[in-house]
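This report looks at how the parts of one protein chain meet. The sequence and structure come first, followed by notes on the contact.

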Amino acid sequence: MLGLVLLVGITVLFVTGLVSYAAYNPGLAPVNDQTPDKGILGFYLFAWPTDPVWLYRLTQGVHVTLGITLIPVLLAKLWSVVPRLFTLPPARSVTHALERVSLLLLVGGGLFEFTTGVLNVQLDYVFPGSFYPLHFYGAWVFFAAFLAHAALKTPTALRAVRGRLREPSDLVSPRPAPPTVSRRGALWLVGGGSLLLFLTTVGQSLGGPFRRTALLAPHGAADPGGGPNGFQINKTAAYAGITPADTHEDAWRLVVTGRTGTVRLSRAQLLRMPQYSASLPIACVEGWSTADQWWRGVRLRDLAALVGYDGDPPDVFVESLQRHGAFRRAALRANQAADERSLLALAVNGEELSPDHGHPARIIVPAAPGVLNTKWVARLTFGDL
């Protein structure tokens with residue numbers, strides 16, 4: 001029973017994880033690619049769409065919430081096969097040795113993926129190296145072992161669930177202690193643990209009143225502060241090293257470069273351009289998302305027109321005032337830049353952006369991961385990347 005739940009759940013986790021990786025547009029530009037040596041593992045990459053606007057919010061919310069929900073199932077499954085993991089001799093034949101190696105990759109890979117995933121959700125980067133390549137390559141190793149194991153064990157699991165399994169099991173102790181819980185009780189315990197984790201996590205993706213139930217999520221509590229800018233953030237201006245001197249109206253200029261040259265625009269000049277509004281959420285890799293916020297600013301396609309792109313704009317390279325850290329630069333595909341709802345936002349919910357939300361200007365693009373909605377924008381370079 002536990003194995004069949006994991007068969008479905010881990011498959012969904014793997015697919016939504018690959019989808020999340022594609023959403024970062026790693027095939028577009030080296031700056032987006034956190035795993036440049038992936039080779040054939042990037043065979044499936046595709047241009048990330050802008051519709052529906054809640055696409056990344058859904059796929060990544062499912063990925064993170066399901067991963068946390070499956071933790072009790074994974075631990076119970078490992079507990080149930082402990083006798084098999086420590087049988088002696090460790091290898092009775094070449095075939096048996098290969099099976100043991102696959103189990104090592106399966107168990108080790110599973111623990112590694114779930115552990116790094118939980119630590120990333122909690123913004124606790126205690127592991128060495130970047131989360132992205134660790135989780136990406138680890139997922140492929142784990143899932144390969146998972147598929148091999150599933151091919152061998154699924155028929156047995158199905159026969160056991162149907163009550164038709166007659167073959168002896170090497171998971172039964174030859175001298176079992178008196179039982180302390182029934183099998184049904186064990187399943188209720190695991191199911192209850194998973195339900196509790198689900199209820200204390202899912203609210204970070206649902207938003208609204210459910211956010212208060214997301215006790216295990218770092219962005220699951222009530223919205224920070226109040227007013228129009230009172231919604232979740234990952235990185236504050238202070239953390240990013242953004243000072244008032246950097247964003248003062250006398251100092252800050254947006255540099256836009258394209259086919260016909262370069263223009264420099266003050267915030268006042270941007271405000272005099274046609275202003276457009278879009279209702280869009282922010283969704284991040286940690287699984288949290290905001291409710292739809294009402295953004296207002298200049299369309300990216302209108303900025304592209306200033307530098308020689310009167311029709312649909314090409315790809316755009318975005319650079320932030322932030323000097324250090326991941327994703328201070330990001331590339332957006334042409335379909336993202338061309339979308340009418342893709343803005344260089346100057347205001348949110350009827351009020352000027354706060355410093356923590358990207359003042360004096362930030363990118364907001366439908367369905368894009370949060371890190372591609374660059375804050376404190378300093379330069380836009382339009383052209384094929």
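## A salt bridge across the contact

In this predicted model, Asp51 and Arg341 form a salt bridge, with 3.0 Å between the closest N and O atoms. Between domain 1 and domain 2 the count of salt bridges is 2. Polar contacts between the two domains involve 15 residue pairs, counting pairs with both residues at pLDDT 80 or more.

## The domain 1 side

Four helices each supply at least two residues to the side of domain 1 that touches domain 2: H1 (2-23), H2 (55-69), H5 (94-121) and H8 (203-206). Helix H2 gives the most, with 6 residues.

By residue type, this side of domain 1 consists of 18 nonpolar, 11 polar and 3 charged residues.

## Domain layout

The chain is divided into two domains. Domain 1 takes in residues 1-170 together with 181-213, and domain 2 covers 238-382. Taken over C-alpha atoms, the centres of domain 1 and domain 2 are 35 Å apart. To the contact, domain 1 contributes 32 residues and domain 2 contributes 30 residues.

## Buried area

How much area do domain 1 and domain 2 bury between them? The figure is about 2600 Å², and 56% of it lies on carbon and sulfur atoms.

Definitions and conventions: Residues numbered from 1 in each chain as written. Predicted model: local features only at pLDDT ≥ 70, side-chain atom pairs only at ≥ 80, totals over all residues. Heavy atoms only, no water. Domains from an automatic or database assignment. Contact = heavy atoms within 4.5 Å. Buried area = accessible area lost by both parts, 1.4 Å probe. Salt bridge = Lys/Arg side-chain N within 4 Å of Asp/Glu carboxyl O. Polar contact = N/O pair within 3.5 Å; in protein donor to acceptor, adjacent residues only side chain to side chain. Nonpolar A, V, L, I, M, F, W, Y, C, P; charged D, E, K, R; others polar.
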